[in-house]
Amino acid sequence: MGRFQRIVILTGAGISADSGVATFRDPDGIWAQYNVDDVATPEGFARNPGLVHDFYNARRRALPGVVPNAAHRALVRLENAGFAEVLLVTQNVDDLHERAGSRQVIHMHGDLTRVRCRCPRAVVFAWSGDLNEATACPQCGDLGRLRPHVVWFGEMPFALGRIGEAL
């Protein structure tokens, strides 16, 4: 290792926008088309899980159509150079860092390629297909318990303790 032991990098919408991933807050972004309270809150999910599933299903279906860009690849080169341990903390819910080859990624706002059961154990699963209210949980078998593994407004970001330790 070089002079530094650890490099922590925070990424957000800007890094994936160049790959064609729609941003949320730009004037023509996703929140200009959807009411955040309807599709990105626990209350919105309780009111209309079908709408929320449709919203995230569309985001998940779009993932294969985008590819990592030069910025994602540059971060992989930094990690592979061995100057220091590189930890990427991303606010993005896409999987472009991983597809570019990054090995140490924390998705503080969740990950579209995963779902979780709302049962007490909150089991998380890799997921590539659509979800709806009739989707059975692979673990418990219950219908309608799966939700996107994303952080909604009003929920705490993931891995704050691990992020804090790294910083």
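Y34 is partly exposed, with a relative accessible area of 29%. Here buried means under 20% relative accessible area, exposed over 50%, and partly exposed in between, computed with a 1.4 Å probe on protein chains only. This is a predicted model, in which local features need pLDDT of at least 70 and side-chain atom pairs count only at pLDDT 80 or more, while totals for chains, interfaces and linings use all residues. Residues are numbered from 1 along each chain as its sequence is written, and side-chain values use heavy atoms, with hydrogens and water left out.

The structure holds four aromatic pairs. Rings of Phe, Tyr and Trp (its six-membered ring) pair if their centres lie within 6.5 Å; planes under 30 degrees apart count as stacked, over 60 as edge-to-face and the rest as tilted. The rings of Y34 and F55 are edge-to-face, because their planes stand at 75°, with the centres 4.8 Å apart. Y34 lies in the loop between α1 (13-17) and α2, and F55 in helix α4, so the pair ties together parts that are 21 residues apart in sequence. Helices (H or I, at least four residues) and strands (E, at least two) are DSSP runs, numbered from the N terminus.

F55 is buried, at 2% relative accessibility. The ring of F55 also pairs with that of Y56: the centres are 4.8 Å apart and the planes at 85°, so this pair is edge-to-face. Y56 counts as buried too, with a relative accessibility of 7%. One aromatic cluster is formed by Y34, F45, F55, Y56 and W152.

A charge sits over a ring if NZ of Lys or CZ of Arg is within 6 Å of the ring centre and within 35 degrees of the ring normal. The charged end of R59 sits over the ring of F55, 4.4 Å from its centre, and that of R147 sits over the ring of W152, 3.6 Å from its centre.

## Helix α4

The buried residues of α4 are P49, V52, H53, F55, Y56, N57 and R60. What covers them includes the helices α2 (36-39) and α3 (42-47) and the strands β4 (110-117) and β6 (146-150).

## Nonpolar cores

A nonpolar core is a set of buried Ala, Val, Leu, Ile, Met, Phe, Trp, Tyr and Cys residues joined through side-chain atoms within 4.5 Å. The largest one has twelve residues: I30, V39, A40, F45, V52, F55, Y56, L63, V93, L112, V150 and W152. Helix α4 gives the most to this core, with three residues. Apart from it lies another core, of nine residues, among them C117, C119, F125 and L146.

I30, one of the twelve, touches A22, T23, F24, F55 and R59, leaving aside residues up to four places away in sequence. Contact means heavy atoms within 4.5 Å.

## Salt bridges

Seven salt bridges are present in the structure, each a side-chain nitrogen of Lys or Arg within 4 Å of a carboxyl oxygen of Asp or Glu. R103 and E79 meet in one of them, at 3.5 Å from N to O. R103 lies in the loop between α6 (96-100) and β3 (105-107) and E79 in helix α5 (residues 70-81), so this pair ties together parts that are 24 residues apart in sequence. R103 is exposed, with a relative accessible area of 55%, whereas E79 is buried, at 9%.

R99 and D95 form another salt bridge, at 3.1 Å from N to O. R99 is partly exposed, with a relative accessible area of 36%, and D95 is buried, at 15% relative accessibility. E155 forms a salt bridge with R147, the closest N and O atoms being 2.8 Å apart. E155 is partly exposed, with a relative accessible area of 25%, and R147 is buried, with 6%.

## Backbone at A159

A159 lies in the loop between β6 and α7 (160-166). Phi of A159 is near 60°, a positive value in a residue other than glycine. Most residues other than glycine have a negative phi. A159 counts as partly exposed, at 32% relative accessibility.
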